[in-house]
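Good morning, colleagues. Please look at the sequence and the structure now on the screen, and I shall take you through some of the contacts within it.

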Amino acid sequence: MKDVNIIPLFVIIPLLTAFLIALLGKTIKNFSEKIIVASSSLLLAFSLYSQILLRHTPLKTLVYNVGGWLPPFGISMVLDGLSSFMLIVVNLIAFFVAVYSLSYMEKYTDKPKFFTLFALMVSGLNGVIVTGDIFNLFVFLEIASIASYALVAFGTQAEELEASFKYTIMGTVASSFIFLGIVFLYGFASTLNMAHMASVLNSKLSIWLLPFVSVLFLAGFSLKAAMVPFHGWLPDAHSSAPASISAMLSGVLIKTLGIYAMMRIFFNVLGITQAQLSILMFLGSLSIITGAILAFSQWDFKRLLAYSTISQVGYIVLGLGLGTPLGIFGALFHLFNHSVFKSLLFLNSGAVDYAASTRDLRETGGLNKVMPVTTKTNFIASMSISGIPPFSGFFSKLIIIFACIQKGHIGYGLCAVIGSILTLIYFMKLQKFVFLGELKDKFKQIAEVPYLMRFSMICLAAICILAGFLLLPALRPFLDRASDVLLGGTNYAAAVMGAALR
Amino acid sequence: MSLIVKTITRLIVGLVLLFGIYIVLHGHLSPGGGFSGGVIVALSFVLMMLAFGEDVAVAKISRNLASNLESIGALMFLFIAILGFLGGSFFLNILSTGTPFKLFSAGTIILSNISIGIKVGIGLFAIFLALVILEKTKRER
């Protein structure tokens, strides 16, 4: 039972960090910086260790019973292939963003408060991922959301407050939908444990419940994941936040709260139907095209990236909606890749903002002469997101397009191809207006950003290049274990119950 | 505020505070608990602030003390949960549960209620204080 003890640590460590910083951050100099780096590297190490742990577990599922209470009665925490995969994504990005923020947040006044909120957000995200209890999932979802509402408003300028307000309203509407869905499920199944709920729903049939609850969850999670008819809040919120937070929001927050929670509930608890899959496919391809077209005409660096997020999340949802092994594998691979290169792009925008104090594409130009590291990492990320061969984005998009054709959805495959071409076009626009061209006089004196910011950007760029190796047979189990959980569907119930009673 | 409000407040504020503390300490035996008791405790301070102005309330609990106590409440709760590891599991009730319906029973539940009471009471007070200060600075401008 010893190994299982790492599961609650994913929640304990960031919570402890958050409140210690709130208590001591102001009195002890540099306390918040030290402890945030320590805790996020510890979390990264634990999440990598969870992979090793799963490899040696026969059932591929580990369950932690909180307070020693067995599943149908107590709260359980579940670590399976999908949770472990998401933990690595979240904690990897959180670590690099934390290191980047050490220098970047110098422009803002209150570092301890920032790191408190940041750690709370990470604890919410980790909690959503490891929990096996549907109400606990809602609570952690709210912790992460509320911390992110405050972080979006961190600059306290008029537009940031407006964006945060809009985000708060839309986020609360989404949470209410999700909450209502949970209420109905609880009323019907009389249990909150997700595994137990799945087995109850399997044996006790209802004509109206599942379609009704699915619509509620679909609306709620689509709002959280900003799929196209529900995307109105995202460009404002993601472009107004401090760049490191935009990287967290775009990179992992909408994927954990939106896509991961949706996958978990639809695939593992409710058991997904063809109708829901078709809706997901349609929403996904709509997001791909609409997001790309909207991104096209943006002149604000971060707004362009925010619209691009909508488009790229569409790929993930399209891949999930296919429901085939290849589609889900591609979707998860794209989820990993997108979180890496989109965070890198947002960190680049932060670096440009830090050095040149502007995000307007019409004002910048020729920055490759003064900011070589930012230029090169940005080039790698842009090529990766547009799907140019040696970089990671190419493989995941290719797998999704293959999966579309394999399932016979040529139209959706075509959407994915067109979306990829549009992505290439607007990232070329970004390259041309920010990094290439004539260097303006007022930017002659600016220097490259501090080394901590460079460190994060270079590491993320390296992951962009190397992520293609995840397809090698030696590393494939990382993604395979995650997609097996989704493909297993409601077998989740048996796996969790089996692992808990052991 | 008028004399009537001030007099009545002076009479009942102690009782409200005491009732809040009772709800916190009796949370494991009767309806209520850390959250509701904490709210009542905060309300006694809010009442004082409304009747006598925020200076009187701030003299009792300053802003720094409020924010520190809030973090301490949260940390206490977390430490009680972590203490469960001594018995083998997160959130495990490691203390003796005693006889049911006695005040000192239910192990760590009463301690958790106290820490939630601190966190919620002080947190609500701090939110109200922040709103008051915001309104004051707006009026001064």
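Let me begin with a definition: a salt bridge is a side-chain nitrogen of Lys or Arg within 4 Å of a carboxyl oxygen of Asp or Glu. By that rule, A:Arg476 and A:Asp480 are joined through their side chains, at 3.3 Å from N to O. A:Arg476 is partly exposed at 32%, and A:Asp480 is partly exposed at 24%.

Some notes on the source are needed. This is a predicted model, in which local features need pLDDT of at least 70 and side-chain atom pairs count only at pLDDT 80 or more, while totals for chains, interfaces and linings use all residues. Residues are numbered from 1 along each chain as its sequence is written, chains are lettered from A and ligands numbered from 1 in the order in which they are written, and side-chain values use heavy atoms, with hydrogens and water left out.

Over all chains, the structure holds 13 salt bridges. Which residues does A:Asp236 pair with in salt bridges? One partner is A:Lys166, with the closest N and O atoms 2.7 Å apart. This pair connects distant parts of the chain, with A:Asp236 in helix α9 and A:Lys166 in helix α6 of chain A, 70 residues apart. Helices here are DSSP runs of H or I, at least four residues long, numbered from the N terminus. The other partner named here is A:Arg303, at 2.9 Å from N to O. A:Arg303 lies in helix α12 (residues 301-322) of chain A, 67 residues from A:Asp236. A:Asp236 counts as buried because its relative accessibility is 14%, whereas A:Lys166 is partly exposed at 34% and A:Arg303 is partly exposed at 24%. Elsewhere, A:Glu33, A:Glu106 and A:Lys111 are linked in a salt-bridge network.

I turn to the aromatic residues. Rings of Phe, Tyr and Trp (its six-membered ring) pair if their centres lie within 6.5 Å; planes under 30 degrees apart count as stacked, over 60 as edge-to-face and the rest as tilted. There are 28 such pairs over all chains. A:Tyr167 and A:Trp233 are stacked, at 4.8 Å centre to centre and 15° between the planes. A:Tyr167 belongs to helix α6 (residues 158-189) of chain A, and A:Trp233 to the loop between α8 (209-225) and α9 (234-240), 66 residues apart. Both A:Tyr167 and A:Trp233 are buried.

Finally, the interface. Contact means heavy atoms within 4.5 Å, and 15 residues from chain B and 14 residues from chain A take part. Buried area is the accessible area (1.4 Å probe) that two parts lose on being put together, summed over both. Between chain B and chain A this area is about 1200 Å², with 78% from carbon and sulfur atoms. B:Leu75, B:Leu78 and B:Phe90 supply 39% of the area that chain B buries against chain A, more than any other three residues. How many salt bridges does the rule find across the interface of chain B and chain A? The rule finds zero. Helix α4 (residues 63-87) of chain B gives the most to the side of chain B that touches chain A, with nine residues.

Note on methods
Helices (H or I, at least four residues) and strands (E, at least two) are DSSP runs, numbered from the N terminus. Buried means under 20% relative accessible area, exposed over 50%, partly exposed in between (1.4 Å probe, protein chains only).
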